[in-house]
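Please open the structure in your viewer and keep the sequence beside it, so that each selection can be found in both. The tour goes step by step, and each stop says what to select and what is there.

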Amino acid sequence: MAQDNVEVVREWIDAFNRGGLEEIIGVLDPEIEWTTTSVYLEAGTYQGHEGVGRYLRRAMARWEDVWIEPTRLIGAREQVVASVRVTARDRQTGSPTALT
């Protein structure tokens, strides 16, 4: 089960890097619980397709040319801990950024 979930996360990252919000959301379980830190936008836990979609739309409004590179994916029962490197360009300033 844990390895299956790791593969779902890999599929999601691939979908994200191809672009298209509907495809990105469609890969996720409808009951997903997504927790993020304030490093990316704001700390929070987002529930389901609607919550994750709201978070991603805010991120996409601020950033362009976003690319996610997984550095480590760890399957732990029904959860996946994902360490990723995200590169993007600020839409307003054009400044590049990289987050790990």
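What follows is a short walk through a predicted model, with stops at one helix residue and at some aromatic rings.

Begin by selecting residues 2–18, which make up helix H1, and then pick out Asn17 within this helix. Asn17 is buried, because its relative accessible area of 19% falls under the 20% cut-off for that word. If you now show what surrounds Asn17, leaving aside residues up to four places away in sequence, you will find that Asn17 touches Val66, Trp67 and Ile68.

Next, turn to the aromatic rings, for which a search of the whole structure finds four pairs. Select Trp12 and Trp34, whose rings form an edge-to-face pair, with 5.2 Å from centre to centre and 70° between the planes. This pair links distant parts of the chain, since Trp12 belongs to helix H1 while Trp34 belongs to strand E1 (residues 33–36), and the two are 22 residues apart. Are these two residues buried or exposed? Trp12 is buried, with a relative accessible area of 8%, and Trp34 is buried as well, with a value of 18%.

Now select Tyr46 and Tyr55, where the ring centres are 4.9 Å apart and the planes stand at 40°, so this pair is described as tilted. Both Tyr46 and Tyr55 are buried.

Technical notes. Residues are numbered from 1 along each chain as its sequence is written. This is a predicted model: local features need pLDDT of at least 70, side-chain atom pairs count only at pLDDT 80 or more; totals for chains, interfaces and linings use all residues. Side-chain values use heavy atoms; hydrogens and water are left out. Helices (H or I, at least four residues) and strands (E, at least two) are DSSP runs, numbered from the N terminus. Buried means under 20% relative accessible area, exposed over 50%, partly exposed in between (1.4 Å probe, protein chains only). Contact means heavy atoms within 4.5 Å. Rings of Phe, Tyr and Trp (its six-membered ring) pair if their centres lie within 6.5 Å; planes under 30 degrees apart count as stacked, over 60 as edge-to-face and the rest as tilted.
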